[in-house]
Amino acid sequence: MITINLDKAKIIAHTARRDARAKEFEPYDAVIMKQIPGNDFTQAEAARQAIREKYAALQTQMDAATTVDQLKDLLPK
């Protein structure tokens with residue numbers, strides 16, 4: 001029988017969460033970093049904040065997970 005270490009599974013799940021978050025940030029990071037004319041800085045920052053909030057909630061849910069199946073359900077698709 002295979003036993004899965006929940007703490008290690010959470011570390012792996014959080015890594016997947018951070019990777020997904022970084023991918024969502026990419027287009028907005030470019031707008032902010034390069035200060036590209038014609039792109040609204042305020043809109044890009046608002047989108048980035050929405051992403052932060054989304055993944056902060058996901059992090060809380062992952063920390064509260066008590067089974068590996070719960071973690072699998074929470075993994076970003």
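Helices (H or I, at least four residues) and strands (E, at least two) are DSSP runs, numbered from the N terminus. The structure described here is a predicted model, in which local features need pLDDT of at least 70, side-chain atom pairs count only at pLDDT 80 or more, and totals for chains, interfaces and linings use all residues. Residues are numbered from 1 along each chain as its sequence is written, and side-chain values use heavy atoms, with hydrogens and water left out.

**Nonpolar core**

A nonpolar core is a set of buried Ala, Val, Leu, Ile, Met, Phe, Trp, Tyr and Cys residues joined through side-chain atoms within 4.5 Å. Buried stands for under 20% relative accessible area, exposed for over 50%, and partly exposed for what lies in between (1.4 Å probe, protein chains only). The largest nonpolar core has 10 residues, among them Ala 9, Phe 25, Ile 51, Tyr 55 and Leu 71. Helix 1 (6–34) and helix 2 (41–64) are the elements that give two or more residues to this core. In soluble globular proteins, nonpolar side chains tend to be buried together.

Contact is counted for heavy atoms within 4.5 Å. Apart from neighbours within four places in sequence, Phe 25 is in contact with Arg 48, Ile 51 and Arg 52.

Arg 48 belongs to helix 2 and is buried, with a relative accessible area of 15%. Not counting residues up to four places away in sequence, Arg 48 touches Phe 25, Tyr 28, Asp 29 and Ile 32.

A salt bridge is taken as a side-chain nitrogen of Lys or Arg within 4 Å of a carboxyl oxygen of Asp or Glu. The count by this rule is 4 salt bridges. The table includes some of them.

| Salt bridge | N to O distance |
|---|---|
| Lys 54 and Glu 24 | 2.8 Å |
| Arg 48 and Glu 45 | 3.2 Å |
| Arg 52 and Glu 45 | 3.2 Å |

Lys 54 forms its salt bridge with Glu 24. Lys 54 lies in helix 2 and Glu 24 in helix 1, so this pair ties together parts that are 30 residues apart in sequence. Lys 54 is partly exposed at 45% relative accessibility, and Glu 24 is partly exposed at 27%.

Arg 48 and Glu 45 are 3 residues apart in helix 2, so about one helical turn separates them. Glu 45 is partly exposed, with a relative accessible area of 27%. For Arg 52, which is also partly exposed, the value is 24%. Salt bridges that share partners join Asp 29, Glu 45, Arg 48 and Arg 52 into one network.
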